[in-house]
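Have the sequence and the 3D view ready as you read.

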Amino acid sequence: MKLVLSEEQQQLREAVRAFLRAASPLPKVREGYDPQVYARLNGELGLSGLIVPEEYGGAGAGMTELAVVLEETGAALLPGPFLATAFTTVALARVPDKELLTGIAEGRVLAALAEPAGEAVLAYDGSAVRGTLAQVISGMEAGVLVAPAQGGDGVVLVAVDLAGPGVTRTPLDTLDLTRGQARVELDGAPARVLGPRPDVGDLLCVALAAEQLGVMRAALDNIVAYAKVRVAFGRYIGSYQGVKHKLADMHAKLEQAESIVRYAAWAADESPDELPEAAALAQAYVGRACFEVARDHLLLHGGIGYTWEHDAHLFYKRAKADEVLMGPPRIHRARLAALLEL
């Protein structure tokens with residue numbers, strides 16, 4: 001088992017971090033999704049094709065590398081469809097489709113994966129799909145929807161052109177303003193079968209946990225820096241014992257979360273038999289810990305942390321939205337207990 005990043009993985013991390021600091025600082029995050037930033041992310045770093053197999057034009061990297069990137073995009077609260085496309089690529093890599101994977105690797109295709117934590121709600125009649133998807137991450141930005149559908153031969157994975165006929169998209173008012181969602185209604189929308197629905201729930205849990213780790217790290221870094229300069233009653237607030245204890249608790253949660261994410265990503269790449277437990281643990285612990293760190297990050301800022309002008313609410317809302325994205329932590333705790341026969 002190797003839980004320490006290699007030199008190449010560290011270089012990837014540093015390159016993504018430097019790019020996001022320059023191209024997508026928090027003031028720009030407030031402006032929402034910028035297609036030009038996303039295009040540069042692919043053109044300069046090739047991140048959309050990171051885990052796309054090499055035969056389809058990608059880098060052929062593993063979940064460990066994807067986790068490294070998602071940690072950085074999470075820390076930057078990157079708006080837009082990167083997580084949605086990453087989720088979709090994870091699924092498509094198990095049902096290889098040359099057209100979509102090549103398009104994703106080249107940055108031409110923005111894809112969204114429907115029902116990542118749920119069951120098929122679409123009906124497929126052999127040529128078209130019908131049904132309503134209540135919440136599709138990045139559903140307004142994406143050009144292609146990949147979704148499970150119930151057909152005559154069981155549940156299959158289908159691809160739908162979101163700009164095609166029979167598709168109605170409605171943007172949703174969501175808690176996390178940095179990541180859009182849409183209601184997608186399909187009424188006889190032409191669909192192409194990609195293959196049987198792959199079981200990628202564990203891999204998606206690991207990917208999401210990596211983003212949550214990044215949110216935690218950035219929130220802790222922010223509040224530590226603030227505690228060193230904010231003066232209250234003639235002292236820096238970081239000198240108060242109560243603040244020190246809270247920061248120590250946040251740091252301990254971050255350290256545990258990092259170990260869990262590194263282990264889960266390693267299991268995804270090297271030890272599939274260990275992946276179910278590792279993925280369940282990742283969402284049972286990291287999701288809740290991320291929200292608690294983001295909550296305390298806001299609280300320790302005092303009154304200013306509750307204002308719209310401050311960035312604390314951006315971390316809080318991303319953490320809360322992510323906590324339930326793959327199902328609430330209690331579901332993963334129950335699954336982990338069952339896997340461990342507790």
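By class, the largest cavity is lined by seven nonpolar, two polar and two charged residues. Here Ala, Val, Leu, Ile, Met, Phe, Trp, Tyr, Cys and Pro count as nonpolar, Asp, Glu, Lys and Arg as charged, and the others, Gly among them, as polar. This is a predicted model, where local features need pLDDT of at least 70 and side-chain atom pairs count only at pLDDT 80 or more, while totals for chains, interfaces and linings use all residues. Residues are numbered from 1 along each chain as its sequence is written, and side-chain values use heavy atoms, with hydrogens and water left out.

So what's a cavity? On a 1 Å grid over the protein atoms alone, it's a set of points where a 1.4 Å probe fits but cannot get out; a pocket is an open set with protein on both sides within 12 Å along at least five of seven lines, and lining residues have an atom within 4 Å of a point. Points are joined across faces, edges and corners, and the volume is the space filled by probe spheres set on them.

The largest cavity holds about 80 Å³ of space. Its lining includes Ser24, Lys28, Tyr33, Asp34 and Leu78. Helix α3 (35-45) gives the largest share of that lining, three residues. Helices, by the way, are DSSP runs (H or I, at least four residues), numbered from the N terminus.

Next comes the second largest cavity, at about 60 Å³. Ile137, Asp176, Arg179, Gln181, Ala321, Asp322 and Leu325 surround that one, a set of three nonpolar, one polar and three charged residues.

Now for the largest pocket, with about 510 Å³ of space. It has 26 lining residues, and the closest to its centre are Pro116, Ala117, Arg197, Asp199 and Gly201. The biggest contributor is α7, with five residues. By class, the pocket lining has 16 nonpolar, four polar and six charged residues.

Finally, how do α9 and α10 (residues 312-323) sit together? Their axes (lines fitted to C-alpha atoms, for helices over the stretch in contact) come within 8 Å and cross at roughly 160°. Angles run from 0 to 180 degrees between N-to-C directions, and those over 145 count as roughly antiparallel, so α9 and α10 are roughly antiparallel to each other. Contact (heavy atoms within 4.5 Å) involves, among others, Phe291 and Leu298 of α9 and Phe315 and Tyr316 of α10.

Definitions and conventions:
Helix = DSSP H or I, 4+ residues; strand = E, 2+ residues; numbered from the N terminus. Parallel < 35°, antiparallel > 145°, perpendicular 65-115°, else oblique.
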